[in-house]
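Dear colleague,

Please find below the structure that I am handing over to you.

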Amino acid sequence: MANAYPFSAIVAQDEMKLAILITVIDPSLGGLLVLGDRGTGKSTAVRALAALLPPMKALSGCRYACDPDDPRHQCDECSARRASGRPRVARVAVPVVDLPLGATEDRVVGALDLERALAQGVKAFEPGLLARAHRGFLYIDEVNLLDDHLVDLLIDVAASGENVVEREGLSVRHPARFVLVGSGNPEEGELRPQLLDRFGLAVEVTTPTDLDTRVEVVKRRDAFERDPQAFHDHWRREDEALRRRIQRGRERLAGVDVPDAVRQSASRLCMALGADGLRGDLTLIRAARALAALEGDAAVACQHLRRMAPAALRHRLRRNPLDDSGSTARVQRAVDEQLAVA
């Protein structure tokens, strides 16, 4: 992803870009699902994410980039180092890892290191994609086409924050806490409800219908493909400004206040929509708080709820046979009714 298209150069698709930034500000939201037409910049935007992420602190020599400030979620090797002395700390890039549709289970969860087993007769663990994605982002393009056995695996790991591998005489447990990002075209297959529920935010992207927008997209993409380095140089200042904005938003997040009146408005909206469970309430509040932090606001207001409600709730609605309008229209209608006077 080193030669990814610059995030700041992406034309339109404002909801998708905002949702990506919100997910970066607060990774605890649970991930992001981007659904829409082919060729609308879904994978381009996600792969551009890597260049925006500020570096993170990690324990030196750790295969899982464990957080030195979070001993509860460190691997066994790092726990042993902490017990024996003060381990060294380094700054590393936040991982953004691709999970291909055709990946085997061994490639995803890790397996026996055959090279060491054959050469040295040692049973050693070769970490998989889940280990590489720890504390970062795991991206699945065409996530709705992912094999069921990998879906089950991802659901288990996403829920527990740990990857457990027991096979071929190995018994390994390591932290695997990542933000799941998926993209796909809903016309090619639906996403399993169990996995859909694991995504905190879901956005829809469509093909631009405005002539000027389409021309600008083609113009920028052509310029990028003809001379990627020059294109990156042209957009470097905008990406740097966005990176600083993300860093400030992360620093402000913990201090953003959520008034009780706003919490009541969020829950009232979820009740009006008939959202199952309380995950929608929690996600809406967290997303609105991250938006407030990104924009430098000291407290969450109903304007933040209005802007984040479609992304936080559209994929949590029950199908209503008496209402043939789409989920986005249903959320927007409820927002207009419930938050009109708030």
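C75 is buried, at 3% relative accessible area, where buried means under 20%, exposed over 50% and partly exposed in between (1.4 Å probe, protein chains only). C78 is likewise buried, at 0%. The model is a predicted one, in which local features need pLDDT of at least 70 and side-chain atom pairs count only at pLDDT 80 or more, while totals for chains, interfaces and linings use all residues. Residues are numbered from 1 along each chain as its sequence is written, and side-chain values use heavy atoms, without hydrogens and water.

A disulfide is taken as a pair of cysteine sulfur atoms within 2.5 Å; the count by this rule is zero. For C75, the closest cysteine sulfur is that of C78, at 3.6 Å, which is too far for a bond. C78 is in no disulfide either, its nearest cysteine sulfur being that of C62, 3.4 Å away.

As for the helices (DSSP runs of H or I, at least four residues, numbered from the N terminus), α1 covers residues 14–25 and α12 residues 279–294. Ten of the twelve residues of α1 are buried, including M16 and V24. The axes of α1 and α12, lines fitted to C-alpha atoms over the stretch in contact, come within 9 Å and cross at roughly 95 degrees. The two helices are therefore roughly perpendicular, a term for angles of 65 to 115 degrees.

In their contact (heavy atoms within 4.5 Å), L18, L21, I22 and I25 of α1 meet A287, A290, L291, A293 and L294 of α12.

With kind regards

Terms used
Axes are lines fitted to C-alpha atoms, for helices over the stretch in contact, and angles run from 0 to 180 degrees between N-to-C directions. Angles under 35 degrees count as roughly parallel, over 145 as roughly antiparallel, 65 to 115 as roughly perpendicular and the rest as oblique.
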